[in-house]
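Please keep the sequence and the model at hand while reading.

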Amino acid sequence: MPLPFLTADRAHDDDAAAGVDPLGYEDRDRWRRPYRPGPWRVGGAALLLLLASYVLFSAMIIAMAGSLPAAGICAAVGALMIVTAVRLVRIGVEVSAQGLRRIGLLRSTTVRWQDIAAIRTAQQPVRWLGLPRTVQGQAVLLETVRGGAPDTVFTTHGADFLGHAESFERAADAIEGWAAAHR
């Protein structure tokens, strides 16, 4: 019995033939991510969840040994690791009819479409996987109407697009399309 499934870079043949958008933009008022989380982001979250399972298992062993305060601390650390892994997967950019939302690990910022002067792709030095090391790459830059230095939305060497230049191009085109349609 064949079991069809979707991969990150290929939509199911039946959906493509039916004209169904794999990212589902029929409801433009909902916040949507115009790209899928990259393998580096998902892999990092998976490793963090694996470590959290070990910490929670050790909390159970410590609780059975009779030290409930230490078990509670281990359980709290495990829960914090799970919350961090979920938040790590959510990091990125979301769009809706209201504007563009950049989600970070600790905070999120939303910019209304009316407040955006331009969204463009530029060749420049970018940080490799968010580390201090910089390499030459492309970045999607956001310029607001109030001026100032443009903000980097995402880059070719970030956790979502490292090694997937065509995914970066599709995401940049999608963001620019949303900006053109809603400004």
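Predicted model: local features only at pLDDT ≥ 70, side-chain atom pairs only at ≥ 80, totals over all residues.

Residues are numbered from 1 along each chain as its sequence is written, and side-chain values use heavy atoms, with hydrogens and water left out.

**Overall composition**

- The protein has four helices and six strands; helices (H or I, at least four residues) and strands (E, at least two) are DSSP runs, numbered from the N terminus.
- Read from the N terminus, the order of the elements is α-α-α-β-β-β-β-β-β-α.
- Of the 183 residues in the protein, 32% are buried; buried means under 20% relative accessible area, exposed over 50%, and partly exposed in between (1.4 Å probe, protein chains only).
- Carbon and sulfur atoms hold 62% of the accessible surface of the protein, which is about 11000 Å² (Shrake-Rupley method with a 1.4 Å probe; for residues, only the protein chains shown count as cover).
- Among contacts between residues at least 6 apart in sequence, 49% join residues at least 24 apart.

**Helices α2 and α3**

- Helix α2 (residues 39-65) packs with helix α3 (residues 68-90) at an angle of about 165°, and their axes are 8 Å apart; axes are lines fitted to C-alpha atoms, for helices over the stretch in contact, and angles run from 0 to 180 degrees between N-to-C directions.
- The two helices α2 and α3 are therefore roughly antiparallel to each other, a term used for angles over 145 degrees, as against under 35 for roughly parallel, 65 to 115 for roughly perpendicular and the rest for oblique.
- The residues of the contact of α2 with α3 comprise 22 nonpolar, four polar and one charged; Ala, Val, Leu, Ile, Met, Phe, Trp, Tyr, Cys and Pro count as nonpolar, Asp, Glu, Lys and Arg as charged, and the others, Gly among them, as polar.

**Two individual residues**

- E94 belongs to strand β1 (residues 92-95), and E94 counts as buried because its relative accessibility is 12%.
- W40 is located in helix α2 and is partly exposed, at a relative accessible area of 47%.
- Beyond its neighbours within four places in sequence, W40 is in contact with L129, A159 and L162.
- Although W40 and L162 are 122 residues apart in sequence, their C-alpha atoms are 7.7 Å apart in space.

Technical notes:
Contact = heavy atoms within 4.5 Å.
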